[in-house]
Amino acid sequence: MHKTILLLKSVFTFSYLNSVKNRYLRWLAKLLMLVVYYVIALHINFLWLFGYMPKLSDVRNPQVAIATEIYTEDSVLLGKFYNENRTPVQFSAISKNAVDALVATEDVRFYQHHGLDLFALAGGIYSTTRGDERGASTITQQLAKNMYNIRKRKNQGLLQHVPFLNTIISKTKEWITSLKLEVFYSKDEILEMYFNTVDFGNNWYGIKVAAQNYFSKQPSQLNLEESATLIGLLKATSSYNPLTNKKRSRDRRNVVLSQMKKYGFISQQVADSVMQLPLKLNRAKNNPGTSDSYLKQLVYRIVKSECESKGLNIFEDGLKIYTTINSHLQLYAQQAVAEQMKKNQKQFDEQWRQQSPWRDDKGNEIKNFAESAIVYTPVYERLSKLYDGNKDSITVALNIKRPMKVFTYTGSKDTMFSYLDSLKYYAKILNTGMMSLNPVNGEIKAYVGGIDYNYFKFDHVWQSKRQAGSTFKPFAYLAAIEDTFSPCTRMNDVPVRIIYEGNQVWEPKNSTGGFTYTSKTLRRALAQSVNSITAQITEDVGWETVVEYAHLLGIRSALDTVPSICLGSSDVNVYEMVCAYAAFANGGKKTDPILVKSIYSNDGSLIQEFKPTFTQVISEENAWLMLYMLQGTLQEPGGTSQALWGYNVFPKGNEIAGKTGTTSNYSDAWYMGITHDLVTGVWVGAPYRSVHFRGASGQGSRLALPIFAKMMEKAYKDSESGVVPGKFVKPNTRIKKEYYCDMEDYDLSMTDSLAMDSLVADSLRIRNYHLFEADSLRDTIPVSGD
C-alpha cells in the first residue's frame, strides 16, 4: 500500500522525470505528461469537470437524429415526424458544385490535413492577436461539433462555466474527436456526414432537406449558384437566410463564388457571370416534409403506442411508415374538397350577406351570440385566469383589435380583429370531413379531415360527431330486411303517431311537409327518404333493434334508444359511418380498417405490419339487398342521389349506391357513396349547429354529394387512382327475397331530383345541444396576434 501511494505521488509530481539531465527536455516531458493527463481527464470527465466527450464507440457508431417519414402505398412522401428535419443522403448523390463550394469556403486544405489544420490554426491565432477574428475550424472539426453537440450546455462540465476555460475545453474535445473521425472514416465519408448533419436554417438539417425546401430539387441536381447559396448560409443561418434576407444571402453567395474562383474550382468568367444572377428560390407549396396535416396527426395517433412499446423514438429514429393511402386518390379528394367547399362558402355568404347566420330553432337571430359563445373557448378561460375573473377587464380584452392572419379561400389574409371579431368570422366558415375506404381489403384510401389544417386543427372525420340525418336510415331498413321484410314490401306514406315510454309522443313529418297517401315499396321509400315509412319500419322492428344493427355494423358512438334514432338523431362521425356502410359492399362483414400498413426501421428491417380485421355480421344476401336498395336513390323516381347523373361517374356501366342526409335546420349535410371498390363518407357544416343554410341549398345532395362526385370523376380518368369502374358482385348464394318490384304510378309530388332529405327530430328525446357549443372550441378563435 505504501509503495502504491509513493508511485502515485511520483506520477503526479513528475518526480520520476527529475532524472532527465537536460532542463529543456525535462520541462518538455512534463508538458507532454500534462497534456496526456488532460486528455485522460477529458475522456473520463474527471470529477465532472469536463462534461461529455465522444468515445470511440460513439465515433464508430454515430447517432444522428433522423426524421421519420410517412409514405403513401405508392411511395409518395406524406409527411415527417422530427425534432430535426433531416433525411440522410449518400455522398454520391450530392452535387459536385456543393462539395467544391464547401471545401473552397470552409476548409480549402481539407484533403491535405488529418482533422487539424495547423497552418490555418496558426493563421487564426495570428489574426486574432491583430484584432481580426477568423475561424480556423476544419470541416472535420465542424462535423465533430455538429454531430456530437459538444458545445451544448447539457454536455458541458463544471469548468466549462468559466469563459476562457470553456473555449479551451470545447476546442480540445473537437480536435480530439476530429482526429478520431479521420482515423475511422475516409474524406468522402466525412463530407457525407457533414452534409447530412449541418443546419441550413428553418429547422432544415442536411443538404437533402435544404435542397428540397429551398429549390424543390434533389442534392444531385443543385447548380452552381444554388450550391453557393446553401454553403453561404452555413456561416449564419439567420443572417444569410434567403427566405428572410435575400440581399445578404446573395452577397454571401457571391463571397462563396469568389472563394471558389480564388482556389481554382471555377474560372473568372464563370464566377463573374454567376455573380450577376439574381437570387432565385423555388419553394414547393405545402411541402409534406415540413407541413402538418390531418393525415399526419392520425398516423401519429396510430403508431405512437406501438413505437413506445418497442423503445423507438418516432422523432429521431428515421422510421419509414407506409400507409394505405393512394396518393392520386388523396389528391383528387383534396381537390374536390377545395373546389366544392369554396363554392359552398360562396353560396352561404351570398345567402346571408350582411345578416347574422346564427339562428334559433324558430329562425330568429341569437342575440349576443359571440359574447355567449366565447365563454366556452380557451381564450376566455385564459383571460379569466389573467384577470381573476373580472368580467369588465375580460370584456375589454376581448374587444381589443390586434393583428391576425385569418383563413380565406384565396390564401391567408392579414387583418385587425378582436377575439370577438375572430369568433364571428370563423363561426361563418363551413368545414368538412371526408374518408374513402376500400371495403374489400379494409384499407383507407383517402382522408381529408377539414378544409385547412393550418387554421382548423379539429379533425372532422374522427373527432367531430354530428347528427347523421337520413344517412342513418339504412340501419333501420337493414333491421327490416333482417326481419321478414323485402325491398318489395309495401307501406303507406301516411301520418304516423308513435307513443313510447308511457306518455311520450312522436309524430314525424316528411321533409316536404305533407304525405302522399300512396303505397310505396321499401326500396322507393328509402330512395325518396320518406320519414313516415322509416318511422313505421322502426316501430315494427323496434328502435332498440335499429340501434343494435347500427352497433353491429361498426357504429361505436352512444345512440339514443328512441323512435327518432331511425332519422339519425344521435351524433356519429364520418369514420364510423364509412366503416358501417362498408358491410353493405363486402358481403356483410364488419370492418376494422387500417391506415398504417407497415413500419420499417432506418436500415430497412420490418418492425411491425398491420392488417384489417373482418367479422361476418349479416348475411351476404342481405348485404347485397341493401346495396340494391341504396342504388334506388339513383334509379327510383325522386331518388335523393339523382344529382350524380350530372357527373361523369358511370363509365363502362359503373354502378353506384348512395344516401344523402340533411339534419334539422340544415345544420349538417351528408353523403355516403358506395362503389364496388370504394365507400366514401362526406360531411359538411359549420362549427356551430346554430349556424346553417336557409332552405334547400343546405341539403346533403347540394353540399356533400358533389365532393364525392368530383373526386370519383377524376379518379376514373386515372388508371393509378386505385379505383376502377365496375358492378356490384352478387353473392354466390341464391337471393331468396323478392327484390324486382312492380313499378308503381309515378308520384308527381316527389319529382324533384334533389328531393329534400332532412331530419324531423324528436324534440322530447334528442339531446338539447347548447346553441353556443362548437364542435371544436379550439377552432373558433386562433391565437395569432395574441
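**Cavities**

How many cavities of 30 Å³ or more does the structure hold? I count five. I keep in mind that this is a predicted model.

I turned to the largest cavity next. About 50 Å³ of space lies in it. Its lining is made up of 13 residues. Those nearest the centre are Leu 430, Tyr 666, Ser 667, Gly 685 and Phe 693. Which elements give two or more residues to this lining? They are strand E21 (668–675) and strand E22 (678–685).

**The five-stranded sheet**

What is the order of its strands? I read E9-E8-E22-E21-E20, an open sheet of five strands with antiparallel pairing. I noted the general rule beside it: strands of a sheet pair through backbone hydrogen bonds, either parallel or antiparallel.

Which strands stand at the edges? They are E9 and strand E20 (657–662). Each has a single partner strand, so one side of each is left without a neighbour in the sheet. From one strand to the next, the twist averages 10 degrees.

I then looked for a helix on this sheet. Helix H24 (residues 620–635) packs there and touches E20 and E21. The direction of H24 makes about 65 degrees with that of E20.

I went back to the E9 edge. Is strand E9 (residues 443–448) mostly covered or mostly open? It is mostly covered, with six of its six residues buried. So an edge place in the sheet, with one side of E9 left without a neighbour there, goes together with burial of the strand's residues.

Strand E8 (residues 431–438) runs antiparallel to E9, and five bridges join the two. One pair I wrote down is Asn 438 with its bridge partner Glu 443 in E9. E8 and E9 form a hairpin with four residues between them. In that turn, Gly 442 has a positive phi of about 70 degrees.

I moved on to the E1 region. I started from a general point: in a regular strand the side chains alternate between the two faces of the sheet. Are the faces of E1 covered or open? Both are covered. Thr 68 and Ile 70 are buried on one side, and Glu 69 and Tyr 71 are buried on the other.

Which strands pair with E1? E2 runs antiparallel to E1, and four bridges join them. E5 pairs with E1 in the parallel sense over three bridges. Ile 70 stands opposite Gly 79 in E2. Glu 69 has Lys 80 in E2 as its bridge partner. Tyr 71 has Tyr 322 in E5 as its bridge partner. E2 itself is mostly covered, with four of its five residues buried.

Where is Ser 75 found? It sits in the loop between strand E1 (68–71) and strand E2 (77–81). The hairpin of E1 and E2 has five residues between the strands. Phi of Ser 75 is near 65 degrees, a positive value in a residue other than glycine.

I logged Tyr 517 as well. Its phi is near 55 degrees, again positive in a residue other than glycine. Tyr 517 lies in the loop between strand E13 (504–506) and strand E14 (519–521). Is Tyr 517 buried or exposed? Its relative accessible area is 57%. The cut-off for exposed is over 50%, so Tyr 517 is exposed.

**Asn 326**

My last entry is Asn 326. It is placed in the loop between strand E5 (320–323) and helix H14 (327–352). Is Asn 326 buried or exposed? Its relative accessible area is 4%. Buried means under 20%, so Asn 326 is buried.

What is Asn 326 in contact with, leaving aside its neighbours within four places in sequence? I list Glu 73, Asp 74, Lys 445, Glu 720, Ser 721 and Gly 722.

Technical notes
Residues numbered from 1 in each chain as written. Predicted model: local features only at pLDDT ≥ 70, side-chain atom pairs only at ≥ 80, totals over all residues. Heavy atoms only, no water. Buried < 20%, exposed > 50% of the residue type's maximum accessible area, 1.4 Å probe, protein only. Pairing = 2+ DSSP bridges. 1 Å grid on protein atoms, 1.4 Å probe; cavity = no way out; pocket = protein on both sides within 12 Å on 5 of 7 lines; lining within 4 Å. Points joined across faces, edges and corners; volume = space filled by probe spheres on them. Contact = heavy atoms within 4.5 Å. Axes fitted to C-alpha atoms, helices over the stretch in contact; angles between N-to-C directions.
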